[in-house]
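User: I am new to this structure and would like to go through it step by step. Could you take my questions one at a time?

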Amino acid sequence: MMDSKRRTFLKSTAMAAASSMVASNASLPVVYADQGVADLPDGDGLSWNKAPCRFCGTGCHVQVGVEDGRVVAIAGDKAADVNKGLLCVKGYHVGGILYGKDRLTKPLLRKDGKLTEIEWDEAIEIVAKRIYDSPETFAIYGSGQWTIPEGYAAQKFMKGGLGNNHIDPNARLCMASAVTGFLGTYGVDEPAGCYDDLDECDVVITWGNNPAEMHPVLFSRVTDRRSRGENVRLIDIGTRRTRTTDAANVYLEMKPHGDVPIALGIMHLLIENGNYDRSFVEQHCNFRAHPESGKSLFGEAISEDEFRKRIAKYTPEHVEELSGISVDDLRMLADLFANPDIRITSLWCMGMNQHTMGTAVNTLVHGVHLLSGHFGKPGDAPTSLTGQPSACGTVREVGTLAHALPGGRIVAKPEHRKQSEEFWNVREGSVNAVPGYHTVKMFDQFTKPTSDGGDITTMFVQVTNPGQTLPNLNKLFNDKEPLDDKFLIVSEVYPTATTELADLILPAAMWVEKNGVYGNSERRTQQWFKMVDPPGEARDDTWMTIAIAHKLFEMGYEGMKDKDGEFIFAVKDDAGKEIPIWNFDNYYDTNVDKHLFEEYRQFTTMKHKNLAPYDEYVKARGLRWPVVEQEDGSWRETRFRFSGFDDPFVAEGEEFDFYHSSSKDGRAQIWFHEYEPPPEIPDDEYPMWLCTGRVLEHWHTGTMTRRLEPLNRAMPTGYVEMHMEDARAANIRQGEVVIVESRRGSCELPVWIDGRGRPPRGSIFVPFFDETKLINDVTLDEHCPISKQPDYKKCAARVVKKAAAKVKS
Ligand SMILES: Nc1nc2c(c(=O)[nH]1)N[C@H]1C(S)=C(S)[C@@H](COP(=O)(O)OP(=O)(O)OC[C@H]3O[C@@H](n4cnc5c(=O)[nH]c(N)nc54)[C@H](O)[C@@H]3O)O[C@H]1N2
Ligand SMILES: Nc1nc2c(c(=O)[nH]1)N[C@H]1C(S)=C(S)[C@@H](COP(=O)(O)OP(=O)(O)OC[C@H]3O[C@@H](n4cnc5c(=O)[nH]c(N)nc54)[C@H](O)[C@@H]3O)O[C@H]1N2
Ligand code: SF4
Ligand SMILES: [Mo]
């Protein structure tokens, strides 16, 4: 089962990376907010320009200082609404990610097992030829770290050009349940509220997320209010104590999956006590549940009486049994929601999304807010936070998912396909009506031999590192190695756990080495310009897609021609002459991002996610959609969607309007779901709950942050958090290296007792940033039946002393 060749390689690359970190000058001078950019004017060759931070979905803006073609300083951007000059430790060091010593600079082809440098022309030809020979077995695995133009180009290439829907992103592992939760509740994706809610609320509830480490600058908006003497209460619900818990007024420790009964229990009490918001519910909500025939995204209408009947069994006592939260604590939560005089903001992230009831629990927490009327006023908001910098902008809005089309369209709907074909000016019938494979299925089909029905043969991975982050790696990734007819193409900036199994590696330009547009957690679209050249022959991901498309066009592939016989990505100059953007030398003769963005923008009005022209974003530190043109020609953003006082699409005089309601009556849906147990539960053989996640200092697989010396020094190794009593009972010492194993695989890690996070007895936590300690060999690939998002937050595992393991084998 264990892939030893790959293991050995990962250890050695990690060592190489570690020495490159130490040798690199990857820690740049940073400028703190109180110094400000205003104090550091352009001059002496130094110029400053804005960009969103490369890391989390908070979407802070930085000012990037460039001198002699290098990024030499980073400052917090005072002009940015999101962060008002502040940054977290990753943001302050973001410039250094460009300068790890082992950047990929040349296309590499595996020949007889060895990676060999080749020219770009050859690389593009190899990819185009594989697609030409078998377009339907080609797949793209993309990312919430794709820029909007990158994702849009990949989307158009696949769905408009190849008629192939096998394109799915890492956001499937991240935001899919949030999306289905929004669709099931409001009929349209993404939060109604925005970050301003955090400035206005009286209570913040975190439902199993850890914003103190994962959305630090956003979280500081809450803690800063406290330090100014404002009264804002923080209630942290989680399965372990974290840095968020340290800042909380109340910590409620729940069992894994406990969020479902807690939400049901709050609604039960609101109904039983008769103190829900009757008028809001009567005017703006319906009740909903799955039909008896099975689970479905939109479910079927049920009456309020039926809702009452079904929720009756979620008494505080029953909820205590299922969730571990005491009767009194549940009553405290219900009383808060029953109070119309306070404003409550709920925040959640992966604890609720990476969940086999992910769609269900998302809709339930929206339901708590709707039933109690804590919705749509500044500070009253159910807010799902996004993790990646453009999971919203690129994945959810551009629709780079196997079933979706841009602007909230889906491939299954004939009128949506037709509209897309018209915007793309491609022949009618070009877009395939059958959804492609979602991530887990896509990799299953790729790592399964063709003779067993594994019908994905060529996969192009862009801006993501699935060799480390897919769940259950032994099943979904490592099995690729012996399959000679499968071909893995990886666009990357550094050697990774994924490039290790790649057949072709394409060196990418990153962040401010290219133009870009991101869309953050609060519907904010953010633009930046290229500021420095990429190293060696590294090139833009959008360029790669366009160059491959053009090669296919040259080969006579019909799908790469539009209705008029022109190249589908054709860009013309003012004289009407085509600019050869497929030649990298000509790529920046025009702003390709702007062309793609303007084309994409046409898609955005159907679901009222209107975007402004590209040039508006050049001027702003991001704008929150819908952005609507005013009579005076200016563009106005929207902070509170569906609320009459702010949303331009709510009919005049209406207080609220859910204008994309799935029941077509302007109402939101309050769902009932029956509690279901987690997919795998500890037993005698595997007695511990294993939760996985992140730490402040590192971004995901550490490819970028482990090359930043200050961050790597602060958090140098993966570890397993363990409760003192569990460690004592197993005779395990602080720092001892143990084996964490499940039915799927194992991983060696040093133990951290009373560390960064503190899990309760019977529970352990492992972060996944360390590529030498692949915890995803251990995790589960069970997923939510609707969103298809896997549950990385709970499975059954055991902790074994190394000596004991040796005796056994
Ligand atoms: N520093 C840093 N910041 C990041 C990232 C990073 O890599 N590093 N990544 C970004 C990305 S893409 C994401 S998605 C976010 C993730 O941000 P978060 O979701 O905040 O962080 P995680 O560490 O993934 O989640 C761990 C938490 O899951 C909770 N949990 C476990 N089981 C359950 C359950 O059954 N129900 C509920 N409700 N909660 C449960 C536990 O309380 C645990 O503390 O962070 C973003 N920000
Ligand atoms: N155990 C466990 N696993 C998880 C999760 C968990 O909670 N627990 N969370 C899941 C979630 S929420 C997420 S979002 C995923 C994240 O998983 P991934 O997306 O796989 O992780 P990253 O490290 O962000 O990978 C991004 C890669 O892109 C490369 N890169 C950076 N810039 C560029 C660029 O401009 N172009 C190109 N081509 N490459 C670039 C980086 O070097 C890096 O290798 O992990 C998932 N996996
Ligand atoms: S909070 Fe997120 S976006 Fe802001 S500086 Fe930190 S990593 Fe960057
Ligand atoms: Mo994520």
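The questions below turn to confidence, a ligand shell and a pair of helices.

User: What is the mean pLDDT of the protein?

Analyst: This is a predicted model, and 94% of the protein's residues reach a pLDDT of 70 or more. Residues 17-26 stay under 50, although the model has 21 contacts for them beyond four places in sequence, and over residues 32-39 the pLDDT is likewise below 50, with 13 contacts beyond near neighbours in sequence. For the protein, the mean pLDDT is 94.

User: Which helices each supply at least two residues of the shell around ligand 3?

Analyst: The residues surrounding ligand 3 include Cys88, Lys90, Gly91, Pro216 and Val217, and by kind the shell divides into eight nonpolar, three polar and one charged. The helices that each supply at least two residues of this shell are α2 (89-92) and α8 (216-227).

User: Why does α5 count as oblique to α16, and what is the handedness of their crossing?

Analyst: Helix α5 (residues 176-186) and helix α16 (residues 358-372) pack with their axes 8 Å apart, at an angle of about 50°. Because angles under 35 degrees count as roughly parallel and those from 65 to 115 as roughly perpendicular, that angle makes α5 oblique to α16. The crossing of α5 and α16 is right-handed.

User: How many nonpolar, polar and charged residues form the contact of α5 with α16?

Analyst: Among the residues that meet are Phe182 and Tyr186 in α5, and His366 and Leu370 in α16. Sorted by kind, the residues of the contact of α5 with α16 divide into four nonpolar, nine polar and no charged.

Notes: Residues are numbered from 1 along each chain as its sequence is written. Chains are lettered from A and ligands numbered from 1 in the order in which they are written. This is a predicted model: local features need pLDDT of at least 70, side-chain atom pairs count only at pLDDT 80 or more; totals for chains, interfaces and linings use all residues. Side-chain values use heavy atoms; hydrogens and water are left out. A residue is near a molecule or strand if one of its heavy atoms lies within 4 Å of it. Helices (H or I, at least four residues) and strands (E, at least two) are DSSP runs, numbered from the N terminus. Ala, Val, Leu, Ile, Met, Phe, Trp, Tyr, Cys and Pro count as nonpolar, Asp, Glu, Lys and Arg as charged, and the others, Gly among them, as polar. Axes are lines fitted to C-alpha atoms, for helices over the stretch in contact, and angles run from 0 to 180 degrees between N-to-C directions. Angles under 35 degrees count as roughly parallel, over 145 as roughly antiparallel, 65 to 115 as roughly perpendicular and the rest as oblique. A crossing is left-handed if the near helix is turned anticlockwise from the far one by less than a right angle, and right-handed if clockwise. Contact means heavy atoms within 4.5 Å. pLDDT is the predictor's confidence in each residue, from 0 to 100.
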